Every structure is written in C-alpha cells, then in structure tokens.
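Please examine the sequence and the coordinates shown below. The paragraphs that follow lead from one side chain to its partner, and then to the chain as a whole.

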Amino acid sequence: VLAPQGGNLLRNASFEQNGGPMPGGWQFENKAAGKGAAGVTGERAHEGKLGLRLSPNGKNSPAGIANS
C-alpha cells in the first residue's frame, strides 16, 4: 500500500477528528474490545491538541493481547 505523497498510512493519525468515545475512523478489533477502553485526551498530545488514551483492564495481559 502506498501512502499519498506527504500523507499518512493511518486514517486520522493525529486523532484530531473526534468520533465520540473513539477517535474518528478508529475501532477496536472484536478480540480486543473487552480488554479495556480507548479514547481521545487533551493530555500529553505529541502534535496537535489530542492524543490517544488506552486504559487496559484485568482481561488485558501481555501474553493474551494478540493471541486471544
């Protein structure tokens, strides 16, 4: 897949387009949906005003993230 010249491979990579609790254009995979929450935050943004906040829960473990 080729990125547009000067573009980004990710849709809404800066998280500036807010789509509600998740950044616009982003969604959880079904296998990850019960392992925590994600949303936008105004704290500690790298560029722009918003960043991504990941909040894992007890069902999220390093061994099970990609495999369950």
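Does phenylalanine 15 count as buried or exposed, and at what relative accessibility? The model is a predicted one, and in it phenylalanine 15 has a relative accessibility of 14%. Because the cut-off for burial is under 20%, phenylalanine 15 counts as buried.

The structure holds one aromatic pair. Its rings belong to phenylalanine 15 and tryptophan 26; with the centres 5.3 Å apart and the planes at 55 degrees, the pair is tilted. Planes would have to be over 60 degrees apart to count as edge-to-face, or under 30 to count as stacked. The two residues are 11 residues apart, and each lies in the segment before β1. Tryptophan 26, at 29% relative accessibility, counts as partly exposed, whereas phenylalanine 15 is buried.

Attention may now turn to the strand itself. Strand β1 spans residues 36–41, and threonine 41 is placed in it. Threonine 41 is buried, with a relative accessibility of 10%. Its side chain reaches the backbone nitrogen of glutamate 43 at 3.1 Å. Once neighbours within four places in sequence are left aside, threonine 41 is in contact with Lys49, Leu50, Gly51, Leu52 and Arg53.

The final view is of the whole chain. The protein chain has two strands and zero helices. Of its 68 residues, 16% are buried. Among contacts between residues at least 6 apart in sequence, 27% join residues at least 24 apart. The chain exposes about 5,500 Å², of which carbon and sulfur atoms supply 53%.

Methods. Residues numbered from 1 in each chain as written. Predicted model: local features only at pLDDT ≥ 70, side-chain atom pairs only at ≥ 80, totals over all residues. Heavy atoms only, no water. Helix = DSSP H or I, 4+ residues; strand = E, 2+ residues; numbered from the N terminus. Buried < 20%, exposed > 50% of the residue type's maximum accessible area, 1.4 Å probe, protein only. Polar contact = N/O pair within 3.5 Å; in protein donor to acceptor, adjacent residues only side chain to side chain. Contact = heavy atoms within 4.5 Å. Phe/Tyr/Trp six-rings, centres within 6.5 Å; stacked < 30°, edge-to-face > 60°. Areas by Shrake-Rupley, 256 points an atom, 1.4 Å probe, with all protein chains shown as cover.
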